[in-house]
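Work through the exercises below with the structure open. Each task is followed by a solution in steps.

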Amino acid sequence: MTIKYAVSAKSQDENFLVEIKSIGMIELSRINLTSSVKRYIFQRLKQIWIIHHEDREVVYQAGKDMIRRVFYFLLIYCLLPKALAVTAAPTDRIRPKIGLALSGGGAKGFAHIGVIQALEELEVPIDCISGVSMGAVVGGLYACGYMPAEMETLIQSVDWQDMFTDRISRRYLSMERKRQHERYIGSIPIYEKNIHLPAGLIHGQKISKFLTRLTIPVHHINDFSQLPIPFSCVATDLANGEPVALNHGVLAEAMRASMSIPTIFTPVILDSLLLVDGGVARNLPVIDAFDLGADIVIAVDVGSSLKSMTELHTIIDIIDQTIEFRKSASTAAQRQLADFLIIPNLTGFDAMSLDASDSLIILGRKAVASMAPKLTNLVDSFKQIPEFQYKRPTLPKNEDLFYIEQIRIIGLNKISERAARARFGVKPHTRVKSETIEKNVEKLFGSQFFDRVSYQITPSRHGKIITVWVIEKHPSLLRFGLNYNNENHASILIDAAFQNSLIPGSNLSVGVKLSDHSRYDLKYSFHPGLLRQLGVRFRACYVSEDVKLYRQKKSSMLGLADYQDAFSEIFIGTIFSSRLEFGLNIRYNQVSVKTTVPPEEFPHSDGNFLAISNRIRLDTLDKAYFPTNGQRVSVEFQHADKRLGNSGYSFSRWYADVCLYYPVTDKLTKSYGFYLGSSSGADLPFGYHYSLGDLSRSVVEGGTINPFFGLESNELVGNHVAACYLTAQYEVMPKKFLILSGNLGKTTYKRSDLIDMDLYIAGFALSAGIDTPFGPIFVGAMSGTRRKFLGYLQIGYRF
């Protein structure tokens, strides 16, 4: 047996071990050395090598003399007692420790699971594990005690495309944030009065949550050598490019740092080091397995190899090739150190083959077959030792209910601890389940004051301590959105958002929508520090658009109206609730309308008014677009009176907008709802009538204008409205949908006409939709009582 000992994790040690092995200095197969003797030999060899590494002959001779002296000493030490006492019992044999080194390789790292499955079938004992990137994830979970079959089930249950996003579940967003969610296609940080590119596309919140949940049974272990199987993973110090062995701390954070792919994930700060993916510095961690005390290392390499000249075509190929140069040299050195090298044949797969886990696991199992005879011989030699018994460690039992003694929140700067604790929701001296803790962590992340939120559950004297780590989001962002539809054509949304302006925990946004329907908007909201869900929102807005006017009994158009509306409002209510918004709104409006249409054809007037309203909104939809479950309810009562300083406007109005979504099967969702509205008073300001027929408006927010299939935009207008909807949505392929919709409704200037069913019109639509990272895409055709055929196209988020 060739005996090797890794002295440290630096690159010079790789050269030292390769050099020592290449000149054959340490073949001591006749003697079973203890780890302490091996450490002495290798420390002495390293001292010789550092001093004389330029002269191989000097190193060889000096090392040979030193080993000869050790050999004679051990020979006398072992044989002398036998000569003096022939009947003495023989020294017990000690089984060499087996280490498993798992490389990085993105999705190809799923093959590691197949390798481990095959090793278990051969009863190869694994005494320690080192891993990089995806190898760190697989190795870390195996070190915790997860069985390969459990890991296979876990990775197959994950939506990996969604995992590599920071998209927040709408159900954890506050009602205030839901208005802004899924409107923007990107954002850029602003600091020091300049625009800066982000450090990575995503912060890895979902990956962190996934790893934290799986490692709850070992949250109490900070020294990774105390895991069921000793473990370490490798990251890269971004400051100097050196590999860093992570063997203590929070296991989930260590694995997250090891797989922090540069430019994709933001770097991770651990122990004052800025860390990225370990594959940048050392993609095959053989030396790290030796550092854990391994005598024999089985290395599994699923990394990429250098491309040939004929394979280098694009700029991405060139960048990948330049990165691979260093990785390739390090991997070659690490391969030489391994006792067993397993290289699965993964031709046709790459780091992004996330949906091919089944095939990759099978290929991992097959790769072990060629090594099976040698590994079987190794295991047979172990079985000659009486004390040897193959037994794999198991996952520690996970508690289902925790008594929380203390809660710590670390990393707060601008956000007050009181506001963070209120948003987190879990209180000390209560009993909670792990699922509840994770849900409340998501709620804290859903406040969007933080780039990432992680947690750890550790034992205390009388229960558990929850430690929550937060990374505050940069206070200033430049956000932008794009939309195209065949009604309003192209629209651009540009928005500057500032957090913690004037008041800690506040949000300020200043935005402009550039299109045929222009909008300038300022919003400011803050938590007054009273009730957990209570907040105050101020808004000032100016809207300018050309509105099409239609004859109500025919489908012909009367003309256009130049509509301008400037308003400011203040709302006090439960804007920080994730489900229900209830409160009081005070709004001041200045309305201006210019049109050539006679007032008798379309009543309108200019003026200003002050209105007070009560607003109730419930939103439990799982998604704003293509929802599969949840409810959306909007109810508002609004009143304006001349005695409040209005110039001629006295009116009251109310509306109720209800839509319910229910999953029929995994693929099929049905939804139905209704929209009712009525008003009273001498007249209504232009824009405050009820309207049907604008598909470009957001379906999430109820209000004056509502979509209606089979009509042009704003085609039906009146003081009163009634409509109902029915939709069937089928997911043909992942994120690709067919939608069949029908609606029935009417508007009228007389409330009594609402009961006349002969005046109702119908509409139908068949559409296809795609859920893309840049927003939804809808294309479809519709028909109805007033219009025989209309087509529509919608690209991007509505705003």
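**Exercise 1.** List the residues in contact with R392, leaving aside its neighbours within four places in sequence.

Solution. Contact means heavy atoms within 4.5 Å. Under that rule, and with neighbours within four places in sequence left aside, R392 is in contact with E120, Y142, G145, Y146 and M147. The model is a predicted one, in which local features need pLDDT of at least 70 and side-chain atom pairs count only at pLDDT 80 or more, while totals for chains, interfaces and linings use all residues. Residues are numbered from 1 along each chain as its sequence is written, and side-chain values use heavy atoms, with hydrogens and water left out.

R392 lies in the loop between helix 14 (372–383) and strand 13 (401–410); helices (H or I, at least four residues) and strands (E, at least two) are DSSP runs, numbered from the N terminus. R392 counts as buried because its relative accessibility is 15%. Buried means under 20% relative accessible area, exposed over 50%, and partly exposed in between (1.4 Å probe, protein chains only).

Last, look at the side chain. The side chain of R392 makes a polar contact with the side chain of E120 at 2.6 Å, and it reaches the backbone oxygen of Y146 at 3.1 Å. A polar contact is a pair of N or O atoms within 3.5 Å; within protein, one must be able to donate a hydrogen and the other to accept it, and residues adjacent in sequence count only if both atoms are side-chain atoms.

**Exercise 2.** Is S272 buried or exposed?

Solution. Start with the backbone. Most residues other than glycine have a negative phi. S272 is not a glycine, yet its phi is positive, about 65 degrees. This serine is in the loop between strand 9 (268–270) and strand 10 (273–277). S272 counts as exposed because its relative accessibility is 73%.

H429 has a positive phi of about 65 degrees and is not a glycine. The loop that holds H429 runs between helix 15 (417–424) and strand 14 (430–433). With a relative accessible area of 55%, H429 is exposed.

**Exercise 3.** How many aromatic pairs does a search of the whole structure find?

Solution. Rings of Phe, Tyr and Trp (its six-membered ring) pair if their centres lie within 6.5 Å; planes under 30 degrees apart count as stacked, over 60 as edge-to-face and the rest as tilted. The search finds 18 pairs. One of them is F382 with F388, a tilted pair with 5.9 Å between centres and 55 degrees between planes. Both F382 and F388 are buried.

Y625 and Y797 form a tilted pair, 5.9 Å centre to centre and 40 degrees between the planes. Y625 is in the loop between strand 24 (607–619) and strand 25 (630–640) and Y797 in the segment after strand 35 (790–795), so the pair ties together parts 172 residues apart in sequence. Y625 is buried at 9% relative accessible area, and Y797 is buried at 6%.

**Exercise 4.** Over the ring of which residue does the charged end of R95 sit?

Solution. A charge sits over a ring if NZ of Lys or CZ of Arg is within 6 Å of the ring centre and within 35 degrees of the ring normal. The charged end of R95 sits over the ring of F382, 5.5 Å from its centre. R587 lies over the face of F567, at 3.7 Å from the ring centre.
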